[in-house]
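Here is a short briefing to read alongside your structure.

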Amino acid sequence: MIAFYNGEFLPIEKISISPFDRGFLFADGVYEALRTYNKKLFMLQKHLERLKYSLEQINLNFSEFNQLENIIYRCAELNSLDTDFSTYIQITRGVSFPRTHYYSNQIKPNLFVFVSPLKNRGREINEGVSVTLEQDVRWSRCDIKSIALLPNVLANHKAISEGHYEAVLFRDNFITEGSHTNFFAVKNDSIITAPLSNYILNGVTRSIIFNLCEENNIQIIEEYILLDEIFTYDEFFLTGTTTEITPVVKIGNRMVGDGKPGKLTRKIQKLFYEFVRKH
Ligand code: PDD
């Protein structure tokens, strides 16, 4: 596999990264994950805007945004990928020695990009998935797409080990989002999801859902889904770049409704794929 690191396309075993990279020592960096549809990068500008936002929030100067698109396509070409793929972009603050929390603004950021073929998720999209509920123990800047993902890793690992697809996180009585997804509920024909704040990531897929609902007169409300009322909602779904719109048909060991994807979830999926075809 060939990946891009600081100006070079190299087989991954030839890439050398300093152990004094602040990403390695402090998780001092940010990332983006995006995908293609019909081999074209989907919502590239939105992802780049969010990357800029994340970088600004951690005071990391990086100016090579214009090169990212070409780097990604070149990576796909060098790996002879002729299917749709996902791509990961990571920027860390760079190398500084000795190890100090303080950083100089003079250090050069390190850019890493790789691509990988997408798995077929037809079954999850069509039949829905099961999730667990876990306490959200992340920091209070979840709006930054930071590479410090240990709480997300632990919650997701636990969920998958117990046979679920995703861990849905809660703070007190408020459901925030999934470990790598945004979370939506449906009640009385309205869609409900957590408001944008420092407690969730401003998902690109989430923003598409908002536009689709507005254009199609579907009521969408930014309001917390409540943990202690979770079984009073009619439907649930998860959204994300690779998760797309995935129905949730089971929470813990309890089925949602009749255990099949809900009607409004199906409608949102249909509108989403129509949107994808046009972009
Ligand atoms: N995850 N919330 C969190 C915590 C996420 O990590 C993600 C994305 C989302 C959905 O955002 P979007 O619709 O822009 O993909 C919500 C990516 C895919 C990841 O970590 O790989």
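In this predicted model, the largest pocket lies between domain 1 (2–117) and domain 2 (122–278), because both domains give residues to its lining.

**The largest pocket**
- The space in the largest pocket comes to about 1100 Å³.
- Its lining is made up of 44 residues, and those closest to the pocket centre are Tyr31, Ala33, Lys145, His180 and Thr242.
- Two or more lining residues come from each of these elements: the strands β3 (29–37), β5 (85–92), β6 (110–117), β9 (174–178) and β14 (235–240), and the helices α5 (150–161) and α6 (204–215).
- Helix α5 is the top contributor to this lining, giving five residues.
- Sorted by class, the lining holds 18 nonpolar, 18 polar and eight charged residues.

**The second largest pocket**
- For the second largest pocket, the volume is about 220 Å³.
- Lys46, Glu49, Arg50, Tyr53, Asp143, Leu196, Ser197, Asn202, Gly203, Val204 and Ser207 form its lining.
- The elements that supply two or more of its lining residues are α2 (44–57) and α6.
- Helix α2 gives the most here, with four residues.
- Three nonpolar, four polar and four charged residues make up this lining.

**How the domains meet**
- Taken over C-alpha atoms, the centres of domain 1 and domain 2 are 26 Å apart.
- Contact between the domains involves 24 residues of domain 1 and 20 residues of domain 2.
- About 1800 Å² of area is buried between domain 1 and domain 2, with carbon and sulfur atoms giving 66% of that area.
- On the domain 1 side, Tyr31, Tyr37 and Arg50 lose the most area to domain 2, and together they account for 33% of what that side buries.

**A look at glutamine 269**
- Glutamine 269 sits in helix α7 (residues 263–278).
- Is glutamine 269 buried or exposed? Its relative accessibility is 5%, so glutamine 269 counts as buried.
- Beyond its neighbours within four places in sequence, glutamine 269 is in contact with Ile125, Ile245 and Pro247.

Note on methods: Residues numbered from 1 in each chain as written. Predicted model: local features only at pLDDT ≥ 70, side-chain atom pairs only at ≥ 80, totals over all residues. Heavy atoms only, no water. 1 Å grid on protein atoms, 1.4 Å probe; cavity = no way out; pocket = protein on both sides within 12 Å on 5 of 7 lines; lining within 4 Å. Points joined across faces, edges and corners; volume = space filled by probe spheres on them. Nonpolar A, V, L, I, M, F, W, Y, C, P; charged D, E, K, R; others polar. Domains from an automatic or database assignment. Buried < 20%, exposed > 50% of the residue type's maximum accessible area, 1.4 Å probe, protein only. Contact = heavy atoms within 4.5 Å. Buried area = accessible area lost by both parts, 1.4 Å probe.
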